[in-house]
Amino acid sequence: MSNSQEQETILQVSDLEKRFGGIVAVDGASFEVERGSITGLIGPNGAGKSTTFNLITGTHKPNAGTVLFNGQNITGKSPERIASKGLVRTFQIARELPEMTVLENMMLGPKNQLGESLWRSVMPGARRTVIEQEKEVRDRAWETLEFFEIDHLAEEYAGSLSGGQRKLLELARALLTDPDMLLLDEPMAGVNPSLEKKLLERIHDLQDEGYTFLLVEHDMDVIMNHCEHVIVMHQGRVLTEGDPEAIQSDEEVIDAYLGGEA
Ligand code: ADP
Ligand code: MG
């Protein structure tokens with residue numbers, strides 16, 4: 001870290017733009033995320049939230065703008081490169097892999113793209129045999145399942161999990177790469193209240209350990225009670241941002257939501 005500004009800001013998005021044909025999905029979005037925070041990204045459907053996530057994590061390449069992570073320019077880099085620098089998003093458990101067990105899913109890593117950085121992350125330093133490396137990955141996978149209290153499901157088929165258990169598994173897989181920051185797109189969608197509580201507790205535990213979260217979430221109770229900072233997108237831009245109380249009473253925000261369909 002070269003200065004205190006970089007220490008406080010883990011992610012800096014500047015003038016980000018993405019067009020799909022004639023549609024401007026992201027239209028000059030700029031914002032920062034503070035290290036160690038749980039930051040919410042909200043806005044009506046079509047505001048550009050998911051596209052912004054895709055631009056940040058390398059799934060899509062922006063037409064313009066820059067993304068700095070830990071002070072490094074990661075704009076337009078591949079998802080693998082970005083993940084190896086410590087920035088990951090959760091991926092839905094692939095539909096085509098329902099007949100793999102939970103533990104096998106963990107060993108594979110989120111899509112193959114993260115599997116690779118997972119394996120790389122256990123390699124540095126001492127030379128280890130493939131068997132030793134595999135044991136280390138397995139141990140770490142197991143500990144992570146225990147942390148999310150889904151270790152009892154290790155031998156179940158991933159396809160048999162409930163919506164909430166699946167979300168826990170998605171987060172567990174993302175964590176295996178030892179990231180600094182996680183982007184979660186609608187983590188509470190389809191999650192029953194007791195698992196939602198567990199998921200939020202784990203997110204706060206991880207925040208206590210120093211992880212940073214940026215989450216898109218439609219449940220305003222989650223946003224208002226669990227985020228310390230909220231960024232509001234509308235029509236591809238940041239409409240406003242602030243702490244939850246300020247956002248909740250902001251006339252522009254209320255208008256944007258009423259104008260949209262959320
Ligand atoms: P949000 O997540 O806030 O609901 P999105 O980022 O998914 O919004 O979408 C923003 C806009 O970009 C929408 O008009 C959407 O239809 C469009 N869009 C998103 N992805 C694509 C794509 N791959 N191709 C074409 N249009 C897209
Ligand atoms: Mg979306």
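Tutor: An oxygen atom of ligand 1 lies 3.0 Å from a polar backbone atom of glycine 48. This is a polar contact, defined as a pair of N or O atoms within 3.5 Å; within protein, one atom must be able to donate a hydrogen and the other to accept it, and residues adjacent in sequence count only if both atoms are side-chain atoms. The backbone of alanine 47 places a polar atom 3.2 Å from an oxygen atom of ligand 1, and for serine 50 the corresponding distance is 2.9 Å. Taken alone, ligand 1 exposes 560 Å², of which the protein buries 60%; these accessible areas come from the Shrake-Rupley method with a 1.4 Å probe, and for residues only the protein chains shown count as cover.

The model is a predicted one: local features need pLDDT of at least 70, side-chain atom pairs count only at pLDDT 80 or more, and totals for chains, interfaces and linings use all residues. Residues are numbered from 1 along each chain as its sequence is written, chains are lettered from A and ligands numbered from 1 in the order in which they are written, and side-chain values use heavy atoms, with hydrogens and water left out.

The shell around ligand 1 consists of Phe20, Ala25, Pro44, Asn45, Gly46, Ala47, Gly48, Lys49, Ser50 and Thr51, where a residue is near a molecule or strand if one of its heavy atoms lies within 4 Å of it.

Glycine 48 belongs to the loop between strand E3 (38-42) and H2. Helices (H or I, at least four residues) and strands (E, at least two) are DSSP runs, numbered from the N terminus. Glycine 48 counts as buried because its relative accessibility is 8%; buried means under 20% relative accessible area, exposed over 50%, and partly exposed in between (1.4 Å probe, protein chains only). Glycine 48 and alanine 25 are separated by 23 residues in sequence, yet their C-alpha atoms are 5.3 Å apart.

Helix H2 (residues 49-56) contributes the most to the shell around ligand 1, with three residues. Seven of the eight residues of H2 are buried, so this helix is largely enclosed by the rest of the structure. The buried residues are Lys49, Thr51, Thr52, Phe53, Asn54, Leu55 and Ile56. Just after H2, glycine 58 adopts a positive phi of about 90°.

Most residues other than glycine have a negative phi. Aspartate 15 has a positive phi near 50° and lies in strand E1 (residues 9-20). Glutamate 186, likewise not a glycine, has a positive phi of about 55°; this residue is in the loop between strand E7 (181-185) and helix H8 (193-208) and is partly exposed because its relative accessible area is 27%. The loop between E7 and H8 also holds glycine 190, which counts as exposed because its relative accessibility is 66%.

Asparagine 70 sits in the loop between strand E4 (64-69) and strand E5 (72-73). With a relative accessible area of 17%, asparagine 70 is buried. Its side chain makes a polar contact of 2.9 Å with the side chain of arginine 35, and a further polar contact, of 3.1 Å, joins the side chains of asparagine 70 and aspartate 180.

The aromatic residues complete the account. One aromatic pair is found in a search of the whole structure: phenylalanine 147 and phenylalanine 148 are edge-to-face, 5.0 Å centre to centre with 80° between the planes. Rings of Phe, Tyr and Trp (its six-membered ring) pair if their centres lie within 6.5 Å; planes under 30 degrees apart count as stacked, over 60 as edge-to-face and the rest as tilted. Phenylalanine 147 is partly exposed at 26% relative accessibility, whereas phenylalanine 148 is buried at 0%. Arginine 202 lies over the face of phenylalanine 147, 5.4 Å from the ring centre; a charge sits over a ring if NZ of Lys or CZ of Arg is within 6 Å of the ring centre and within 35 degrees of the ring normal.
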